[in-house]
Amino acid sequence: MAEGVGMNCVKYLLFFFNFLFWIAGLFLVGVGVWIRVDDNALKILHNLDHLDETVVYAGCYAFIGVGVVALIVGFFGCCGAIKENKCMLGTFFACLFLLLIAEVGVAIFAVVKKPDAEKFLKEGLDKISEKKYQDLDTELQRLVDFFQKDFKCCGMNSTKDWAPDYPDSCNCTVGDTCDTTTGRWNKPCDEEVINNLNKNIVYIGGGALGVALIMVLGIILSCMLFCHGRGEGERGALFGTTYKQFV
């Protein structure tokens, strides 16, 4: 009796885990499609890092691809958990294990390439200042205003990037980086953006670790449910056919 209740808890916990995984996949697909079809989003990304449209499109397709993989894995996990289908649970386990290895590989690559990423971001921000603020596209002006208001900075490469016609987002009255003499922020945004990312790297790493731990939990739960089994025969979750369980 106790074993049956425990396995039911495992089954529904695994289902809930995979449902969230499926939702995350749906979100990634939505973001990828949105960037692909929204001209304004494409223009902002293109102007920010001066990326070729082919690269931006490749990023969109990467989002969609990762989202589709998450949808498939979540589908196998949900159906395998509810039906206790060993074939689907085994497929789910294999996919999740491969994704875990991929995440570890990406994390190692990110740590090794961190200086290059900072350099790439700084160059992208600095290129924005090659034009006067008034000559920037409306979408890019909004992006600049967002950076300057949120990070309390003025200009991308230098605080004099927009001289002599400074935008209102450069103005300030109080703050650690506010120059009360000029009434403007006294630090450029490229430094502030990178410093902010470095300060929050612990949270980014913590989030990645959390995802990895959730994956490990999913692997453990799928193993428990897989080993529990249902007996000699089981009905297929999708096709309505009866087949002998494999071990």
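Author: Let's start with the term itself: a disulfide is a pair of cysteine sulfur atoms within 2.5 Å. Keep in mind that this is a predicted model. By that rule, the chain has 3 disulfides.

Take cysteine 172 and cysteine 178 to begin with. Their sulfur atoms are 2.1 Å apart, so they sit within the 2.5 Å cut-off and count as a disulfide. The angle about the S-S bond is 95°, and the link is right-handed. Both cysteine 172 and cysteine 178 are buried.

Next up is the pair of cysteine 154 and cysteine 170, with 2.1 Å between the sulfur atoms. Cysteine 154 and cysteine 170 are 16 residues apart, and each lies in the loop between H6 and S1. This disulfide is right-handed because the torsion about its S-S bond is about 90°. Cysteine 154 is buried, and cysteine 170 is too.

Then there's cysteine 153, whose sulfur is 2.0 Å from that of cysteine 189. Here the link runs from the loop between H6 and S1 to helix H7, joining parts of the chain 36 residues apart. Cysteine 153 and cysteine 189 are both buried.

If you number the bonded cysteines along the chain, the pairing reads 1-6, 2-3, 4-5.

Cysteine 223 is partly exposed, because its relative accessible area is 31%. Cysteine 95 also counts as partly exposed, at 25%.

While you're looking at the loop between H6 and S1, there are other things to spot there. Lysine 152 lies in this loop, and its phi is near 55°, a positive value in a residue other than glycine. With a relative accessible area of 43%, lysine 152 is partly exposed. Proline 164 belongs to the loop too, which runs between helix H6 (138-150) and strand S1 (178-179). A cis peptide bond connects alanine 163 to proline 164, with omega at about 0°.

To place all this in the whole chain, look for 8 helices and 4 strands. Of the 247 residues, 34% count as buried.

Key:
Residues are numbered from 1 along each chain as its sequence is written. This is a predicted model: local features need pLDDT of at least 70, side-chain atom pairs count only at pLDDT 80 or more; totals for chains, interfaces and linings use all residues. Side-chain values use heavy atoms; hydrogens and water are left out. Helices (H or I, at least four residues) and strands (E, at least two) are DSSP runs, numbered from the N terminus. Buried means under 20% relative accessible area, exposed over 50%, partly exposed in between (1.4 Å probe, protein chains only).
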